[in-house]
Structure formats: structure tokens, C-alpha cells
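Dear colleague,

Please find below the structure that I am handing over to you. My notes on what was found in it follow directly after it.

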Amino acid sequence: MKKLLIVEDEPDMCLLLNILLEGKGIELDHVKSLSSAGTYLAAGQPSLVILDNKLPDGFGVDYIPELKKTYPDLKIIMISGFAGAVKDLALDNGADVFLNKPFTRDEIYKSIKELI
């Protein structure tokens, strides 16, 4: 079973992701901040991180280079309600996929399946 970490501070989005990915053979864990993500990743690495951009302690897009430097094989899906420049920056910083909110079940599942 593949492990996936969701870094998202909005409870509704976390619930939605859990519902969409339930029964897909993926072990889901969830944290609400970048600092919590760092603690989680230091203890054990998931196959993939779904990373929101706007978090209480910073922007996910700015955290991507640190993630890629420390965990070069980690796959990252950046999710954000703000497209445009954020998308380009996320991909330039090392995100494997960018999904604009709202996204469909098929979009998120296809992205996960392609990466893991």
C-alpha cells in the first residue's frame, strides 16, 4: 500500500480528498501546516505529497525546493485556488503536477496513479 501525505489546512478539502481516495489502496495521512509536514517527513517518507499552497505558516510553493532537496524522489502534487503564476512557479520549483481547485475526482486520481 502506497503512503500519501496531504498538507492542507482546510477541513472540508481534507474530507473531500479522503472521500475521493478511499478504497484506492492508498494509506492517507494529513497535516495542517508546513512545520507539521517537516516533522512528519523526518519520521517517515510517503510516496507522494498533496501540498496546498496557502497554509498558516507559509506558502507551499516556497516549500517545494526544500522538499525536493531533502527528498529528491518525493512526488508532489500542488493544489491551489490561485492559478496563473503560482502554477508556473510550482512546476519550476519541482512540483510534478499542479491542480487548480476545484478539481475533479478523475483529475486527482489520475495524477496520483501516474506518479505512484
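I begin with two helices: the axes of helix H3 (residues 60-70) and helix H4 (residues 85-93) come within 8 Å of each other and cross at roughly 10°. H3 is therefore roughly parallel to H4, a term used for angles under 35 degrees, while those over 145 count as roughly antiparallel, 65 to 115 as roughly perpendicular and the rest as oblique. Axes here are lines fitted to C-alpha atoms, for helices over the stretch in contact, and angles run from 0 to 180 degrees between N-to-C directions. Helices (H or I, at least four residues) and strands (E, at least two) are DSSP runs, numbered from the N terminus.

Please note that this is a predicted model, in which local features need pLDDT of at least 70 and side-chain atom pairs count only at pLDDT 80 or more, whereas totals for chains, interfaces and linings use all residues. Residues are numbered from 1 along each chain as its sequence is written, and side-chain values use heavy atoms, with hydrogens and water left out.

Where H3 and H4 meet, Val 61, Ile 64, Pro 65 and Lys 68 of H3 are in contact with Val 86, Leu 89, Ala 90 and Asn 93 of H4; contact means heavy atoms within 4.5 Å. By class, this contact has 6 nonpolar, 1 polar and 1 charged residues. Ala, Val, Leu, Ile, Met, Phe, Trp, Tyr, Cys and Pro count as nonpolar, Asp, Glu, Lys and Arg as charged, and the others, Gly among them, as polar.

Helix H4 also holds Ala 85, which is exposed, with a relative accessible area of 61%. The cut-offs are under 20% relative accessible area for buried, over 50% for exposed, and partly exposed in between (1.4 Å probe, protein chains only).

On another side of the account, the axes of helix H2 (residues 34-43) and H3 come within 11 Å and cross at roughly 20°. H2 is therefore roughly parallel to H3. Leu 34, Ala 37, Gly 38 and Leu 41 of H2 meet Gly 60, Tyr 63 and Leu 67 of H3, and this contact has 5 nonpolar, 2 polar and no charged residues.

I turn now to the sheet. It is open and made of 5 strands in the order E2-E1-E3-E6-E7, with parallel pairing; two strands pair if DSSP finds at least two bridges between them. Strand E2 (26-31) and strand E7 (97-100) are the edge strands, each pairing on one side only. On average, neighbouring strands are turned by 20° against each other, direction ignored.

Strand E3 (residues 48-52) is mostly covered, as 5 of its 5 residues are buried. Leu 48, Ile 50 and Asp 52 point one way from E3, and Val 49 and Leu 51 the other way. In a regular strand the side chains alternate between the two faces of the sheet.

E3 is joined to strand E1 (residues 2-7) by 4 bridges, and Val 7 has Leu 51 as its bridge partner in E3. With strand E6 (residues 75-80), E3 pairs over 5 bridges in the parallel sense; there Leu 48 stands opposite Lys 75. E6 in turn is joined to E7 by 4 bridges, with Val 97 in E7 as the bridge partner of Ile 77.

Two of the helices described above also pack on the sheet. H2 touches E1, E2 and E3, and its direction makes about 160° with that of E1. H3 touches E3 and E6, and its direction makes about 175° with that of E6.

With kind regards
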